[in-house]
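Here are some notes for reading this structure. They are meant to be followed with the model open beside the text.

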Amino acid sequence: MTKCVRFTHFVACNILGCYVTISVIVYGALLFAYHAEVQEKQKRQIDNTIYLLIQQIKGSSVTSLGSTDLSLDDSGLFFEVCHQLDREGVKGIFLQSADHYTPILDHINKETSALETWVYPFSARNQSMRLSAYVSNDKVWRVFIHRLLWYMGLLFIQTAIIYLLLYYFVVRGLGMAVSGIQQELSQMNLDDPKRLYGNAKFLRFLEYQWILNGMNKIIHGLAASRRELSELNSQLEEKVAQKTQSLEEKNMTLVQLNKKLYTLANTDSLTQVYNRTRFDLLFREHVAMAEHKETYLSLLLIDLDNFKRVNDQFGHQVGDHVLYVTAKLLESVVMNDGIVARWGGEEFAVLLPHIAIDQAQHIAETLRQHLEEASFDDPAIHITMSVGVSQLLLGESGMSLLKRTDAAMYQAKNTGRNQVIVDTGPDEKGIS
Ligand SMILES: Nc1nc2c(ncn2[C@@H]2O[C@H](COP(=O)(O)OP(=O)(O)OP(=O)(O)O)[C@@H](O)[C@H]2O)c(=O)[nH]1
């Protein structure tokens, strides 16, 4: 808005400048004409004065204006006219004969006798003389300057009125022109831009149309860019979503593979119970925990009896199946009370945290009975187990526990198989 006002000033100043220049020229011409008119008027006035004076003094009628013929006899009259004109402020007085043109002003103010001396040469020649006079420049200039001031005042007032009118109409016009656009812009929706029409009153001005066209171009350009940007954005979002989905799928696959890897690393592939590596780790952890918290920890080591015969008699595949069924049987009996692992070959280990040796013995006996009674695909298959049972003693190492349990298991093997041998400590051993 400030810029508009400055522009208004610019326009107003230019128009006013032209107006003032033209006015000065017009007023100058008027003044020039007036000057000539004043001079003419003054001349007529002087002539009139001279005429009246002569009439008054001479008492006779004079026919011509502007010049007065005087005879020598009128020399007295002549002096009186001269003095009277002098009093009126007439500066230039000329005495003119047929061949002579003499300014006599200076002589008027001198002694009358001197003037008479000066005039007499004319009278001696007995010529008629013509008296001419003009008004002093000072008087003309006074009138002229008065008129000039008057014109200047008039010019000033006109300029001020025009300036105010211009200012009012231009500012108001610009305001109205802009407010039309402003209103349309405030309701503009860049997703579906309408064409700007502005204020209809100002459409006949080219500049206004140029501005509107320019703005319409910019707005439509903006809307097009916005649409492109939005399309690119949605494409980008789609791509990101696709990538994310693919990454999630890969991640899922990775998690599953990781799980598989973990299972493979920790599980025996045939029996699907923990393998020896995993069991060793769990065994160390539970021994440490039991020592630390002083809780029970019992261990069963199981060896299938005469398993070689099963292999030899029914084949390795059947042997494998028997191993698998045995592992499932162990798991079903132990459930969450312990950890079942394949110790190696046809041997299994069962770790029983928080379980004392009596209960461990009971579990071992249950296992033994279940396997003894178990039936396989071929009814001819009959399998039993020898079990060694022991409990971690206070201050005992894991290795010692293993050795004692292993020894108990071998004892069960060597003393008839299909039995449970309990190792309660360094001194005592029990058979069930
Ligand atoms: N089918 C099969 N057989 C196995 C597997 N691992 C070990 N064996 C067999 O288990 C048998 C173990 O035989 P031995 O060490 O003589 O023991 P045993 O025949 O059970 O005799 P005792 O232990 O003295 O009662 C061998 O024949 C091995 O081949 C296995 O994963 N699958």
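1. Glutamine 272. Start with glutamine 272, which is partly exposed, since 13 other C-beta atoms lie within 10 Å of its own. Glutamine 272 sits in the loop that runs between H6 and H7. Its phi is positive, about 65°, although the residue is not a glycine. Most residues other than glycine have a negative phi. Please bear in mind that this is a predicted model, and that the angle is a computed value taken from that model.

2. Arginine 417. A second case is arginine 417, where phi is near 65°, again a positive value in a residue other than glycine. Arginine 417 is found in the loop between H11 and S9. Arginine 417 counts as partly exposed, because 14 other C-beta atoms are within 10 Å.

3. The chain overall. The chain holds 11 helices and 10 strands. Of its 432 residues, 21% are buried. Among contacts between residues at least 6 apart in sequence, 63% join residues at least 24 apart.

4. Helix H6. On one side of the loop with glutamine 272 is H6, which covers residues 206-266 and has 61 residues. H6 reaches 87 Å from its first C-alpha to its last, close to the 90 Å expected at 1.5 Å a residue. Does H6 lie largely in the open or largely buried? The number of buried residues among its 61 is two, so H6 lies largely in the open.

5. Two annotations from the record. The unreviewed UniProt entry gives "coiled-coil region" for residues 219-253. In the model this stretch is 100% helix and 0% strand, and its end C-alpha atoms are 50 Å apart. The same annotation source, UniProt (unreviewed entry), gives "transmembrane region" for residues 6-34 and 148-170. Over residues 148-170 the chain is also 100% helix and 0% strand, with 32 Å between the end C-alpha atoms.

6. Helix H7. Just after H7 comes glutamate 294, with a positive phi of about 55°.

7. Helix H10. H10 takes in residues 357-373, which makes 17 residues. Its reach from first C-alpha to last is 24 Å, close to the 24 Å expected at 1.5 Å a residue. Which residues of H10 are buried? They are Ile357, Ala360, Gln361, Ile363, Ala364, Leu367, Arg368 and Leu371. Seen down the axis of H10, its buried residues fall within an arc of 160°, so they line one face of the helix. What covers them includes S5, H9, S7, strand S8 (385-391) and strand S9 (420-423).

8. Leucine 304. Leucine 304 belongs to strand S5. Leucine 304 counts as buried because it has 21 C-beta neighbours inside 10 Å, and the cut-off for buried is 20 or more. Leaving aside neighbours within four places in sequence, leucine 304 is in contact with Thr326, Glu346, Ile383 and Met385. Leucine 304 and threonine 326 are 22 residues apart in sequence, while their C-alpha atoms are 9.1 Å apart in space.

9. The shell around the ligand. Of the 15 residues around the ligand, those that come nearest are Phe307, Lys308, His316, Gly319 and Gly345. S5, helix H8 (307-314) and helix H9 (316-334) each supply at least two residues of this shell. Which element gives the most to the shell? H9 does, with four residues. By type, the shell residues divide into four nonpolar, five polar and six charged.

Conventions:
Residues are numbered from 1 along each chain as its sequence is written. This is a predicted model: local features need pLDDT of at least 70, side-chain atom pairs count only at pLDDT 80 or more; totals for chains, interfaces and linings use all residues. A residue is near a molecule or strand if its C-beta atom, placed from the backbone, lies within 6 Å of it. Ala, Val, Leu, Ile, Met, Phe, Trp, Tyr, Cys and Pro count as nonpolar, Asp, Glu, Lys and Arg as charged, and the others, Gly among them, as polar. UniProt positions are given in the numbering used here, feature names are shortened, and annotations may be inferred rather than shown by experiment. The expected span of a helix is 1.5 Å times one less than its number of residues. A residue is buried if 20 or more other C-beta atoms lie within 10 Å of its own, exposed if 12 or fewer, and partly exposed in between; C-beta atoms are placed from the backbone. Two residues are in contact if their C-beta atoms, placed from the backbone, lie within 7 Å. The arc is that of the directions from the helix axis to the C-beta atoms.
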